[in-house]
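Please examine the sequence and the structure shown below. The paragraphs that follow lead from the pockets to the sheet.

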Amino acid sequence: MSEDNTFELSASPGHLLHRAQQFAAERFASNLTAGDKLTQRQFAVLAATAASEGLTQTDLVRETGIDRSTLAELVARMAIKGLVRREAVATDARANAIFLSDKGREIYERALSGVRLADAAILSSLPKNKRASFLVTLRRIAMTIEEDEAKAKAELKKLKAAEKKAKKKAKKKAKKKKARKKKAKALAD
């Protein structure tokens, strides 16, 4: 019995997306102004913040797709570098609103033309009539990820509610049992 243990990397969406990401990262880095050390994720935070100053870190997670813990560390490092500033939100003591610093705005504005060139280079690798559908497909993948995360959060919320309900029911049952025992003991005495 012969088992096929070969894997076609050239037909693997995961592998091809990784290769495409490598290409995008290289184009991004090569089109930045000399001396500006900025990652794609840092640029995403700067771009989202520039578009809407005062977003909370939770809002930035939603806008950028960067996971919560990574974003928290990223924003902390960006604040230390003087690219953003964090301010406590008056209505929520746990939340910070994020604003661009002057330095962050300067770097963001310098990076914009390079990022646009990088995006153009990526799209130029495709035939013109495929570019729009390529972007639609990428958005669909991103939306699927977001929907899956939302579904997972909703499912977790349901599980927690069910667990809470079960604990409450068990506590109520135990209380009734204790009351019955107490009543039975009182009748026996």
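In this predicted model, 37 residues line the largest pocket, and those nearest its centre are Gln21, Thr64, Gly65, Leu138 and Ala142. Two or more lining residues are given by each of the helices α1 (13-30), α2 (40-51), α3 (57-64), α5 (102-124) and α6 (128-188). Helix α6 supplies the largest share, with 11 residues. The space in this largest pocket amounts to about 1900 Å³. Sorted by class, its lining holds 21 nonpolar, six polar and 10 charged residues.

The elements α3, α4 and β3 each give two or more residues to the lining, and the largest share, four residues, comes from β3. Four nonpolar, four polar and three charged residues make up this lining.

Strand β3 leads on to the sheet. Strands of a sheet pair through backbone hydrogen bonds, in either a parallel or an antiparallel manner. Here, three strands form an open sheet in the order β1-β3-β2, and their pairing is antiparallel. Two bridges join β1 to β3 (residues 92-100) in the antiparallel sense, and threonine 56 stands opposite alanine 97 in β3. Helix α4 (residues 68-80) lies across β2 and β3 and runs at about 120° to β2.

Conventions: Residues numbered from 1 in each chain as written. Predicted model: local features only at pLDDT ≥ 70, side-chain atom pairs only at ≥ 80, totals over all residues. Heavy atoms only, no water. Pairing = 2+ DSSP bridges. Contact = heavy atoms within 4.5 Å. Axes fitted to C-alpha atoms, helices over the stretch in contact; angles between N-to-C directions. 1 Å grid on protein atoms, 1.4 Å probe; cavity = no way out; pocket = protein on both sides within 12 Å on 5 of 7 lines; lining within 4 Å. Points joined across faces, edges and corners; volume = space filled by probe spheres on them. Nonpolar A, V, L, I, M, F, W, Y, C, P; charged D, E, K, R; others polar.
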